[in-house]
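Colleague: I'd like to learn how to read a model like this one, feature by feature. Could we start with pockets?

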Amino acid sequence: MTAGNSHHPLFTGVVLLDQKQGFWLIHSTPHFPPSSSQKYDYPSNAFHNGQSFICVTYPYAQFKDIGTQLMYNTITPYDSSIPDPFSSDLPDLQSAAMKKQVTNPPWNRQITLTSAGGKPFTSFAKHARFGDDLYSGWVSSVLKSDLCVQFWLNSRGILPSNCSLSYNTYDIEDISFGSSLSYSSHVDHSKWCVSWSDTPGWACIGDMNRDLEEMHRGGGTLCTSDPMIWKSFKILVFNYSKCDKV
């Protein structure tokens, strides 16, 4: 199943599985992948800006929860094929493929998904009716950590860094791959965050920006506490916006 967010075509992902295992790919690339009726290709417009991808293989049973997360994400699938044996085992995945959503609060759901290799990942999924920023309004408090968030700074209604809550949320302005290669977040379409701490914490990759409009969109992020992954993302942060002084 390939899908985009119900309110915007840029936030996409792929679920592919057999009755043993499968993968969930979460990414930020517009119009990718093409539908199954088209030739495989990477969209030319996606070469101009940075993008983020996370692909994890899970046992078959985990797709029950993944289907539920997709219903919270309020996705709009543009291609899907779910044969009868899968739809009976994974009713929420079938419902998500039919563009169904959750209809009652709570409007967010957090679960632990265990990969085929036994590695835990924390999945955050919010419905369009959640009505708050994914990062400052939820993820930071669950992870109990300040966060630096990388996202598309060209959106309308960008939310400023927020230091009014128990944990701070900072907007990344520039990332750097070593001393000679740096990029502004204005040319980076990727969507990830990292615990802003001196000791190993969390790194999350998802499909949400920090702006007023996306407070009222579905979406989410997938987090890991792997120290090497945390370090790999943390060292990318070259510059971030501080909070306005009160």
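Colleague: Which classes of residue make up the lining of the second largest pocket?

Modeller: Nine nonpolar, five polar and one charged residues line the second largest pocket. Here Ala, Val, Leu, Ile, Met, Phe, Trp, Tyr, Cys and Pro count as nonpolar, Asp, Glu, Lys and Arg as charged, and the others, Gly among them, as polar. Of the 15 lining residues, Gln51, Ile175, Phe177, Asp188 and Ser190 lie nearest the centre of the pocket. The pocket holds about 220 Å³ of space. On a 1 Å grid over the protein atoms alone, a pocket is an open set of points where a 1.4 Å probe fits, with protein on both sides within 12 Å along at least five of seven lines, and lining residues have an atom within 4 Å of a point. Grid points are joined across faces, edges and corners, and the volume is the space filled by probe spheres set on the points.

Colleague: And what should I keep in mind about the model itself?

Modeller: This is a predicted model, where local features need pLDDT of at least 70, side-chain atom pairs count only at pLDDT 80 or more, and totals for chains, interfaces and linings use all residues. Residues are numbered from 1 along each chain as its sequence is written, and side-chain values use heavy atoms, with hydrogens and water left out.

Colleague: How many helices and strands are there in the protein?

Modeller: The protein has five helices and 14 strands. Its radius of gyration is 17 Å, close to the 18 Å that the globule rule gives for 246 residues, so the protein is as compact as a globular protein of that length. That radius is taken over C-alpha atoms, and the rule is 2.2 Å times the number of residues to the power 0.38. Helices (H or I, at least four residues) and strands (E, at least two) are DSSP runs, numbered from the N terminus. Buried residues make up 52% of the 246; buried means under 20% relative accessible area, exposed over 50%, partly exposed in between (1.4 Å probe, protein chains only).

Colleague: Which strands pair with E13?

Modeller: Strand E7 (residues 120-126) pairs with E13 in the antiparallel sense over five bridges, and lysine 126 stands opposite glycine 219. Strand E12 (residues 203-206) also runs antiparallel to E13, joined by four bridges, with isoleucine 205 opposite leucine 222. Two strands pair if DSSP finds at least two bridges between them.

Colleague: What about E3?

Modeller: Five of the seven residues of strand E3 (residues 21-27) are buried, so E3 is largely enclosed too. E3 pairs antiparallel with strand E4 (residues 53-59) over seven bridges, and glycine 22 has tyrosine 58 as its bridge partner in E4.

Colleague: How should I read backbone angles that stand out?

Modeller: Most residues other than glycine have a negative phi, and most peptide bonds are trans. Threonine 74 has a positive phi of about 50 degrees although it is not a glycine. This threonine 74 lies in the loop between helix H1 (63-72) and strand E5 (75-79), and at 1% relative accessibility it counts as buried. H1 itself is mostly covered, with eight of its 10 residues buried. Lysine 99, in the loop between H3 and E6, has a positive phi of about 70 degrees. Lysine 144, which follows H4, has a positive phi near 55 degrees.

Colleague: Where is the cis peptide bond?

Modeller: The cis bond joins proline 105 and proline 106, with omega about 5 degrees. Proline 106 sits in the loop between helix H3 (91-97) and strand E6 (108-114).
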